[in-house]
Structure formats: structure tokens, C-alpha cells
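Work through the exercises below with the sequence and the model in view, and try each task before reading its solution.

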Amino acid sequence: MSRQEKSFEAAGEKAGKQEWEYFSALYEAEKMEAEEPSERTSEKWDKRAEAWEAERREGRREPRDGRLLSTVEYLKSRGLLTPEQSVADIGCGPGRFAAEFGKTAGHVTGFDLSEKMIGYGREYVRRAGLENVSFRRLDFRALDVEKEGLSRSFDLVAASLTPALGRVR
């Protein structure tokens, strides 16, 4: 086990199970960013989508909702997430953040590389009865914002634990 992994493990033991899961997700995202671009394929994310959907069906995703709900509450409390706004969720995965944003925002568009993630996201918002959330498959590493007509299209852009943006500084 690396020193960084031991550090995350020690932090997790101190902070408790929910926080441990949060730190684990951060560590996994960091490892993902370190991968070669060829390793970040839609096929890889399609496989992960199946595992995440299984976790959701089994109720194992809900304990991690603290980060999701606190993010939404933070944005709402500062007037950054309102019914008048349009939101982009980059690297939306199976749509958990997009759906939660959709409960407040005028419209949300979730973007992801994986067609399976997009499919699970569409199903998730359909079951939640949200008609103001849509999804679009695209690769942010090759995106031309102007050509795709996305420039200045959103009031809020969110990206939670996604390697879609690489190391943005």
C-alpha cells in the first residue's frame, strides 16, 4: 500500500464511514486523472456504469448522498441554483447530481462519455418524474464548445469528481 493510500485510510478511520467513502472517491478520481487518455474510454465507463447501477438498485449509493445534498444546499443558499437557471453537469455519470439539480433548476443537461451512464441517468430522472433534465453523450477532451453551440449556454457548470476535465488549474 502506498503512503498516499495509507494516508487516505488513516483519514477514513478517523472520519467515519461516510467520510471514508468520500475520501476513497477522491482517491479513485485522482488515480483516474493519472491514467493515460487511452485508458479513459467509453467502454471503461460503460463497465463502471453497470456496477454503479447495481449499487443504486441495492441501495448502496444512498449513504453517499451527504456530499450531493450538501453541494445542492450550498449552491441554493448562495443563490447559485435557482428555478431560472440552466445547469450543465459535466461527467454526470448516472445522473445523481443532474437529477438533484433538476429539482430546483429550470433545466439541467448532463454530459458524459459513456452511453450506458447516460442511459441510466435518463432512467433515473424518468423514475423521479423530472422532465427538465436531459442528457448528451460527448467527450470533453475533444470538445469544441463553440462548434457544439455550448458557449454561454449555462448559468452554472458543475463537475463532481470527474476526470472529464483532466487537471484543470
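**Exercise 1.** Which residues in helix 3 are buried?

*Solution.* This is a predicted model, in which local features need pLDDT of at least 70, side-chain atom pairs count only at pLDDT 80 or more, and totals for chains, interfaces and linings use all residues. Residues are numbered from 1 along each chain as its sequence is written, and side-chain values use heavy atoms, with hydrogens and water left out. Buried means under 20% relative accessible area, exposed over 50%, and partly exposed in between (1.4 Å probe, protein chains only). By this rule the buried residues of helix 3 are Ser-42, Trp-45, Asp-46, Ala-49, Glu-53, Ala-54, Glu-55 and Arg-56. Helices (H or I, at least four residues) and strands (E, at least two) are DSSP runs, numbered from the N terminus.

**Exercise 2.** Find the salt bridge of Glu-100 and describe the exposure of both partners.

*Solution.* A salt bridge is a side-chain nitrogen of Lys or Arg within 4 Å of a carboxyl oxygen of Asp or Glu. Glu-100 pairs with Lys-103, whose closest N and O atoms are 3.1 Å apart. Glu-100 is buried at a relative accessible area of 16%, whereas Lys-103 is exposed at 56%.

**Exercise 3.** How are Arg-127 and Glu-123 placed in helix 6?

*Solution.* The two residues are four apart in helix 6 (residues 115–127), which means that about one helical turn separates Arg-127 from Glu-123. Their side chains meet in a salt bridge of 3.5 Å, N to O, and Glu-123, Arg-126 and Arg-127 are linked in a network of salt bridges.
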